[in-house]
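Reader: I've got a protein model open and I'd like to learn how to read it. Can you walk me through some features?

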Amino acid sequence: MKRILSGIKPTGAPHLGNYFGMMKPAIEWQEKGEAFYFIADYHALTSVHDPKALRENTRAVALDFLACGLDPAKAVLFRQSDVPEHTELAWLLSCHTPMPMLENCHAFKDHLAKNKTPNHGLFAYPVLMAADILLYDSNVVPVGRDQKQHVEVTRDIAGSINRTYGEGLFVIPEASIIPQLATVVGLDGQKMSKSYNNTIGLFEEEKALRKKIMSIVTDSTPVEAPKDPAGSSIGALYRLVAGEADVEKMEADFRAGGTGYGDFKKRLFESLWEFFRPMRQRRAELASDPGAVDAIVKAAGERARAVAHRTMERVRTAVGLR
Ligand code: AMP
Ligand code: TRP
């Protein structure tokens with residue numbers, strides 16, 4: 001049976017990039033193996049330094065994931081910090097991770113490029129991510145394209161440790177990335193990301209959502225002129241949430257000219273609102289009993305910790321700590 005694992009940082013409410021890049025594939029994977037998904041609160045600490053926000057975001061991620069169809073009877077949805085073995089394994093892996101490998105990682109490079117001073121947590125974060133994955137002997141890691149590099153780093157570290165202490169100490173994982181969903185665009189046409197302030201949350205209020213959709217950046221092609229559906233963020237987002245016939249209609253209307261971007265944005269809003277309607281209902285039910293959500297996450301933490309405990313016994317013995 002395959003072991004599937006992925007994580008999401010509680011740095012804000014989940015957005016469409018998170019949903020299509022990771023949550024939706026993860027929810028599909030829960031049918032196909034033993035799935036472990038976690039809210040990466042240790043990771044969020046590299047950038048979230050407000051305790052109240054961290055607590056609230058952690059809960060929001062759990063709620064959203066459950067609302068979107070994560071089934072706690074099939075997948076273990078836990079909070080990373082309920083399993084402190086993640087940090088212990090990260091230290092062991094650090095001692096086998098060449099600095100240049102981390103200097104090459106994109107989050108660190110982006111920080112330098114923007115003249116920001118990265119903290120050590122941000123620099124070392126791919127090692128913690130490797131620990132997250134290796135701790136559960138994961139075979140498959142469903143993620144968006146931006147995480148591919150980190151899964152490669154994990155494979156390199158695991159391979160090097162296996163050569164030192166014996167093949168088979170760690171399972172070599174594989175990233176699972178769905179090409180069409182790998183990078184969801186944001187309001188400004190760049191990759192949708194909390195750090196670019198261009199996100200569309202899954203469960204925004206109707207009015208706020210409408211306003212956001214209307215603010216999607218477009219070019220200045222006049223209403224009458226034909227437009228290129230391939231290069232448009234409106235079209236790209238619409239393809240995620242609308243049915244095939246509606247997508248074909250929108251693309252035909254783009255090419256024909258005579259329809260303005262405002263009209264296309266309205267269609268996008270309607271489809272998006274419909275797409276998330278059942279999940280919105282489920283979310284409202286779950287939100288009425290936050291204690292139940294906390295209990296699901298806590299019980300999952302105990303299941304995850306039992307697995308992590310067994311891995312650490314094996315690893316401590318292998319490296320000579322025991
Ligand atoms: P994060 O919010 O950075 O923890 O991301 C959680 C998951 O969502 C990761 O697997 C990311 O690859 C995925 N993800 C984030 N933004 C996008 C995006 N714009 N398109 C596709 N996947 C994304
Ligand atoms: N680094 C991932 C992100 O920013 C989140 C994450 C942490 C993760 N640990 C993981 C994803 C392990 C997959 C597996 O999106």
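Author: Helix H11 (residues 244-256) and helix H12 (residues 261-275) have axes that come within 11 Å and cross at roughly 175°. Axes here are lines fitted to C-alpha atoms, for helices over the stretch in contact, and angles run from 0 to 180 degrees between N-to-C directions. That makes H11 roughly antiparallel to H12; angles under 35 degrees count as roughly parallel, over 145 as roughly antiparallel, 65 to 115 as roughly perpendicular and the rest as oblique. Helices (H or I, at least four residues) and strands (E, at least two) are DSSP runs, numbered from the N terminus.

Reader: Which residues make the contact between H11 and H12?

Author: From H11, Lys-249, Met-250, Asp-253 and Phe-254; from H12, Tyr-261, Phe-264 and Arg-267. Contact means heavy atoms within 4.5 Å. These residues divide into four nonpolar, no polar and three charged.

Reader: Before we go on, where do the numbering and values come from?

Author: This is a predicted model, where local features need pLDDT of at least 70, side-chain atom pairs count only at pLDDT 80 or more, and totals for chains, interfaces and linings use all residues. Residues are numbered from 1 along each chain as its sequence is written, chains are lettered from A and ligands numbered from 1 in the order in which they are written, and side-chain values use heavy atoms, with hydrogens and water left out.

Reader: How do I describe another helix pair?

Author: Two packed helices are described by the angle between their axes and the distance between the axes. Take H7 and helix H8 (residues 148-165): their axes are 9 Å apart, at an angle of about 70°. H7 and H8 are therefore roughly perpendicular to each other. Tyr-125, Pro-126, Met-129, Ala-130, Ile-133 and Leu-134 of H7 meet residues of H8 including His-150, Val-151 and Ile-157. The contact of H7 with H8 has ten nonpolar residues, two polar and no charged.

Reader: Which residues come nearest to ligand 1?

Author: Of the 18 residues around ligand 1, Lys-9, Gly-144, Asp-146, Val-184 and Met-192 come nearest. A residue is near a molecule if one of its heavy atoms lies within 4 Å of it. An oxygen atom of ligand 1 is 2.8 Å from a backbone N or O atom of Lys-9, and an oxygen atom of ligand 1 is 2.3 Å from an N or O atom in the side chain of Asp-146. A nitrogen atom of ligand 1 lies 2.8 Å from a backbone N or O atom of Met-192. Taken alone, ligand 1 exposes 490 Å², and the protein buries 93% of that. Such areas come from the Shrake-Rupley method with a 1.4 Å probe; for residues, only the protein chains shown count as cover.

Reader: And what about ligand 2?

Author: Tyr-125 turns up again here: one of its polar side-chain atoms lies 2.9 Å from a nitrogen atom of ligand 2. For Gln-147, a polar side-chain atom is 3.1 Å from a nitrogen atom of ligand 2. The protein buries 91% of the 360 Å² that ligand 2 exposes when taken alone.

Reader: Where does Asp-137 lie?

Author: Asp-137 is in the loop between helix H7 (120-134) and strand S4 (140-142). Its phi is near 50°, a positive value in a residue other than glycine.

Definitions and conventions. Ala, Val, Leu, Ile, Met, Phe, Trp, Tyr, Cys and Pro count as nonpolar, Asp, Glu, Lys and Arg as charged, and the others, Gly among them, as polar. A polar contact is a pair of N or O atoms within 3.5 Å; within protein, one must be able to donate a hydrogen and the other to accept it, and residues adjacent in sequence count only if both atoms are side-chain atoms.
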